[in-house]
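Dear colleague,

Please find below the structure that I am handing over to you. My findings follow directly after it.

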Amino acid sequence: MRARADLHAHSNLSDGIHSPSELLSIASDLNLGALALTDHDTIDGLVEFMNAEVPGCPIRIPGVEISTEYQGVEAHLLGYFVPTWAPKLVKRLKALEESRRKRFPKMQNRLESEGIRISDDDIDQILQGVKAPGRPHMAKLLIRRGYVRDIEEAFHKYLGKGKPGYVKKERADIGEAISLLKSEGAVPVLAHPVTMRLPDLRSTLIELRELGLLGVEIEYDYQHLRLNVKPGEVQLLAEGLGLIETGGSDYHGDGAHRNLGSVTVPIHVVNNLRKVHEELRNNTSEAISG
Ligand SMILES: [Zn+2]
Ligand SMILES: [Zn+2]
């Protein structure tokens with residue numbers, strides 16, 4: 001396993017179960033060669049991730065997974081080799097988090113007109129320490145207050161698109177997020193492209209490459225999303241485009257996603273990412289020194 005890298009994992013700083021150090025310990029026990037931490041819309045876990053003392057520690061790649069939008073469709077953008085000090089990126093992520101929090105009073109108002117009472121205290125409580133507040137959190141409140149039985153019913157009746165409690169989520173434009181990552185020296189890679197459910201993914205990849213995209217997640221298990229993807233299908237779509245081909249388990253520790261280390265790529269992918277990161281970093285420091 002030392003020759004393999006898992007480049008997609010979440011800690012409890014976003015919606016995972018384990019702390020960044022615990023992830024490294026698990027990866028070390030699995031004898032993984034490299035692990036990337038890619039929390040949703042936050043880099044708050046990176047300091048712990050990069051500094052934790054873990055025996056037999058794999059190579060660590062500091063990363064992030066940003067929720068972005070491409071032509072009205074949600075697209076997840078991975079960034080690799082994100083510096084722990086990335087002020088421009090952090091500022092933008094904080095602004096997005098803020099706008100996602102502001103969505104809650106709006107959902108609350110709309111639900112109230114349906115006769116549903118969710119208090120401010122309920123909302124404060126459920127969002128405490130949450131970096132990526134979203135509809136699943138509101139769904140949990142609806143379950144807790146006995147309005148629905150489960151998350152599925154909450155979305156079907158109230159929170160899904162076009163339902164009475166629906167409020168659109170603000171997302172960064174993918175072009176903007178690509179440029180932002182690069183300006184911090186991080187390598188932008190499109191995550192699990194099939195989840196975008198676009199008819200012509202190859203054209204999408206070509207367009208995104210023109211916007212500055214440098215990689216695409218090829219190895220990914222879509223089964224937990226009930227998406228039927230044939231082995232090698234995504235690789236074929238990306239063939240000849242010159243994008244760095246990454247992959248990972250998208251481990252959350254919640255049982256719903258794959259296990260850490262169950263989806264991997266060869267370790268040389270890490271070297272490719274590092275090389276591009278170093279080029280980006282040199283370019284930005286040259287621009288600064290003028
Ligand atoms: Zn994702
Ligand atoms: Zn993910």
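In strand 8, Thr246 is the bridge partner of Glu217. Please note that this is a predicted model.

The pairing of strand 7 with strand 8 (residues 244-247) is parallel and comprises 4 bridges.

Strand 7 itself spans residues 215-219 and is mostly covered, with 5 of its 5 residues buried. Strand 7 also pairs with strand 6 (residues 187-190); these strands run parallel and are joined by 2 bridges. Here Leu190 is found opposite Val216 of strand 7.

Within strand 6, I would draw your attention to Val187. Why is Val187 counted as buried? The cut-off is 20 or more other C-beta atoms within 10 Å, and Val187 has 26 such neighbours, so Val187 counts as buried. Setting aside residues up to four places away in sequence, the contacts of Val187 include Tyr80, Phe81, Leu214, Gly215, Leu273 and His277. One of these, Gly215, is 28 residues from Val187 in sequence, while their C-alpha atoms are 7.7 Å apart in space.

As for the overall division, the protein comprises domain 1 (4-92 + 175-289) and domain 2 (99-159). The C-alpha centres of domain 1 and domain 2 are 29 Å apart.

With kind regards

Notes: Residues are numbered from 1 along each chain as its sequence is written. Chains are lettered from A and ligands numbered from 1 in the order in which they are written. This is a predicted model: local features need pLDDT of at least 70, side-chain atom pairs count only at pLDDT 80 or more; totals for chains, interfaces and linings use all residues. A residue is buried if 20 or more other C-beta atoms lie within 10 Å of its own, exposed if 12 or fewer, and partly exposed in between; C-beta atoms are placed from the backbone. Two strands pair if DSSP finds at least two bridges between them. Domain bounds come from an automatic or database domain assignment. Two residues are in contact if their C-beta atoms, placed from the backbone, lie within 7 Å.
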